[in-house]
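Hello,

Here is the structure you asked for. My notes follow below it.

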Amino acid sequence: MTNMLSAIYIEGVLNVVMEVAKGNYDVEVPLTGDNDEFDALAMGINMMIDEIKSRKELEAANKEMKKAKEQAELAKKIKEQFLANMSHEIRTPMNAIVGMTDILLDQQLNPDQKKCIEAIKISADNLLTIINEVLDFSKIEAGKITFEKTPFHLEETLENIIQTLQFTANSKNLSLTYSISNNTPVLLVGDVTKLRQILINLASNSIKFTESGRIKIEIFSQALNQDDYLLEFSISDTGIGIPENKIDTIFESFTQATNDTTRKYGGTGLGLTIVKSLVELQGGKIALQSKLNEGTTFTFHLPFKKGDAIHEINEEQKTDFQNKLKNINVLLVEDNAINRFLAQTVLNKWDCNIHFAENGRIAVEKVSNEIFDIILMDIQMPELDGYDAAREIRKMQTPMTSVPIIAMTAHAMEGEIDKCKSAGMNDYISKPFNKKMLYEKMCNMLKVNNIKNGGGG
Amino acid sequence: MGTQTIIQEYYVDRHHYCLTDDYIICVTLNGEVDYEQALRCKAVSTKLHTMFEGPKRVLVDLNKAGKQSAEARKVFAELTDLGARPVKVALWGLHPVARIIASFFAGITDNKKSKFFSDKEKALSWLKEKIEP
C-alpha cells in the first residue's frame with residue numbers, strides 16, 4: 001500500500017474510532033480483502049467494537065433489570081404496607097366486636113339475646129380466623145415468618161386446644177380426645193404458638209368435616225439423642241374423607257376438595273397451605289391418609305428440644321403472680337373510645353387502677369407528672385404515635401423512664417415486635433387481644449422489672 | 001501426515017464441519033459468523049463430538065473466515081465450556097486476519113487448549129501429540 005493509500009486508510013480508521021467514542025457502535029472499518037496487516041487491524045477493531053457494543057447492551061439490560069427489580073421491591077413494600085394498614089383497619093373494629101361480645105356474654109341475658117350474641121361471637125371468631133389466615137399466608141409468601149424457641153408444657157397446650165375446640169365438637173356430638181405417649185418429655189422447647197396454630201387448624205378442619213364419630217389427636221415421640229426429640233402428631237377423624245384424586249393437591253393454596261366443599265363448609269382454602277408451610281419451615285413433614293366417607297388422618301413430624309429444670313422453675317414462678325394485678329396503676333394509651341372501653345372493662349375485672357391518655361402526647365405528659373406501674377400503649381394514634389411516645393418516655397430523666405410498656409396494636413405484621421422493641425417498648429400484644437395472654441404479659445412484665453412505683457399495689 | 005478421509009460432514013451455510021478418519025473434527029469457516037449461524041454451528045459441532053468416544057480434537061481453518069460477532073463468540077464459548085469440551089483446538093491460517101480472529105477465539109477458551117498455527121501440518125501434528133493430563 002502506498003503512503004497515500006495508507007493515509008486514506010488511517011483516516012478511515014480514525015473516523016470509525018471517533019464514531020465509537022461518540023457512542024455509535026454501528027460502524028466498521030472497511031476491509032480491502034487483501035488479508036494483510038491493514039485488514040487484520042480492521043478486523044481486530046471491528047471485533048472490538050462488536051465486543052464493546054455487546055457489553056454496552058448487557059450493561060443497559062442489567063440497568064433495566066435493576067430498575068425492574070427496584071420497582072418490584074417498591075411494589076412489594078407498598079403491598080406490605082397496604083397489608084399492614086388493612087390488617088390494622090380490619091382488626092380494630094374486630095377487636096371491638098369480639099371484646100364487646102365477650103362482655104355481653106358475661107352479663108345477664110335472656111335466652112334469645114344470648115343466642116344472638118353467641119351467633120355474633122361465632123361469626124366474629126370465624127371472620128377473625130379468615131383474616132388471620134390471609135395475613136399468615138401473606139407473611140409466608142413474603143418469607144417473613146419467624147419461629148420462636150420457648151419452653152412449654154405439651155400437655156397444657158393440648159388441654160388448652162381441646163378446651164378451645166370442645167364447644168364446637170360438643171355442638172356436633174363429636175368426641176374430641178388426645179393422647180401423649182409416655183416417653184414424651186413434659187417440657188419441650190419450640191414454637192408453641194405455631195404448634196397450637198397447626199393443631200387447631202387440623203383439628204377444627206376435622207370437626208368441620210365430621211358429622212358423627214370422633215376426632216383424635218395422638219402424639220408419639222422418638223428420642224434422637226439426650227436433648228432432641230422428633231414428635232409425631234396424628235389428627236384423625238371419622239369424617240367425609242377426601243377423594244383420592246384430590247389428596248395430592250389438598251395442600252395447594254386456595255384449594256378445597258371440591259367446589260361443593262367451599263359452598264357447604266366455607267373457608268379460604270389457605271388453612272392447609274399455611275399448616276404445610278409452618279411444618280416444613282420448622283424442618284418437619286406432613287402427610288395425609290384418607291378414605292372417602294370413612295375419615296382422614298393428617299400426620300406431621302416436628303423436631304423439639306427437651307425443656308430443662310430451669311424452664312420448669314420459671315413456669316412455677318409464673319404462678320406466684322396470680323391475682324397480683326390488684327391496685328396496679330395502669331396507663332392505658334388508646335385513641336379509640338371503643339377500644340378504651342373494652343380494655344377498661346377487662347382491667348376493671350382485675351381490679352387495676354386505670355388512667356387514660358387519648359394519644360401519645362398526653363401519655364408523655366402524664367408519665368412526666370404521675371407514677372404508673374405499667375403502660376399499655378396503642379401504636380397508631382394522632383398527635384404522637386406509640387413508637388415516638390415510648391421513645392420520649394425512655395429519654396426521660398426520672399424513674400418512670402424504665403416503666404414497663406406493652407404495645408397493644410392491631411398491626412399484626414411480622415416485624416412489628418422488633419419495631420416496638422426498638423422504640424423502647426418491652427413487649428407486644430396484638431389486638432384483638434387474648435385476655436389471658438395480656439394478664440400473663442402484664443404479670444411477667446411487673447415481675448421482670450420488679451417495679452412497684454406506687455399506687456398501693 | 002497423509003491425507004485425511006472424511007467420515008461425516010455438515011454444512012452450516014458456507015461453513016463446513018466434518019469428522020475425519022483420524023478422529024479430528026475439522027471446521028472451515030467461510031465468511032462472517034453471526035449469532036444464528038453460531039447456534040447452528042454449535043448444534044452440528046455437538047453432533048460430531050458425540051459421534052465417537054475418546055478425546056475430541058478440533059482443527060479450525062480460518063483462511064476464509066470473516067468477522068465473528070460478539071454474540072457468536074459467546075455461543076462458541078458455551079460450546080467449549082459446557083457442551084462438546086474439545087481437549088485441543090488448533091486454529092490455523094496463512095494471513096494476519098486469521099491470526100487476529102484466532103486471538104479473539106483464544107480470548108474465550110483456555111490458553112492451553114488452543115493454539116494458532118500458520119501451517120496446517122504443524123497444526124495437525126500438535127493436535128495428534130499425546131495429550132497431557
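How much area do chain B and chain A bury between them? About 1,300 Å², with 62% of it on carbon and sulfur atoms. Buried area here is the accessible area (1.4 Å probe) that two parts lose on being put together, summed over both. On the chain B side, K67(B), V97(B) and F104(B) lose the most area to chain A, together 42% of what that side buries. The contact (heavy atoms within 4.5 Å) involves 16 residues of chain B and 15 residues of chain A.

This is a predicted model: local features need pLDDT of at least 70, side-chain atom pairs count only at pLDDT 80 or more, and totals for chains, interfaces and linings use all residues. Residues are numbered from 1 along each chain as its sequence is written, chains are lettered from A in the order in which they are written, and side-chain values use heavy atoms, without hydrogens and water.

Now chain A. It has 13 helices and 12 strands; these are DSSP runs (helices H or I, at least four residues; strands E, at least two), numbered from the N terminus. Of its 457 residues, 43% are buried, meaning under 20% relative accessible area (1.4 Å probe, protein chains only). Among contacts in chain A with a separation of 6 or more, 70% come from residues 24 or more positions apart.

One helix pair in chain A: helix 4 (residues 154–171) and helix 5 (residues 192–208) pack at about 30 degrees, axes 10 Å apart. Axes are lines fitted to C-alpha atoms over the stretch in contact, and angles run from 0 to 180 degrees between N-to-C directions. The residues of this contact divide into 11 nonpolar, five polar and one charged.

Best wishes

Key
Ala, Val, Leu, Ile, Met, Phe, Trp, Tyr, Cys and Pro count as nonpolar, Asp, Glu, Lys and Arg as charged, and the others, Gly among them, as polar. Buried means under 20% relative accessible area, exposed over 50%, partly exposed in between (1.4 Å probe, protein chains only).
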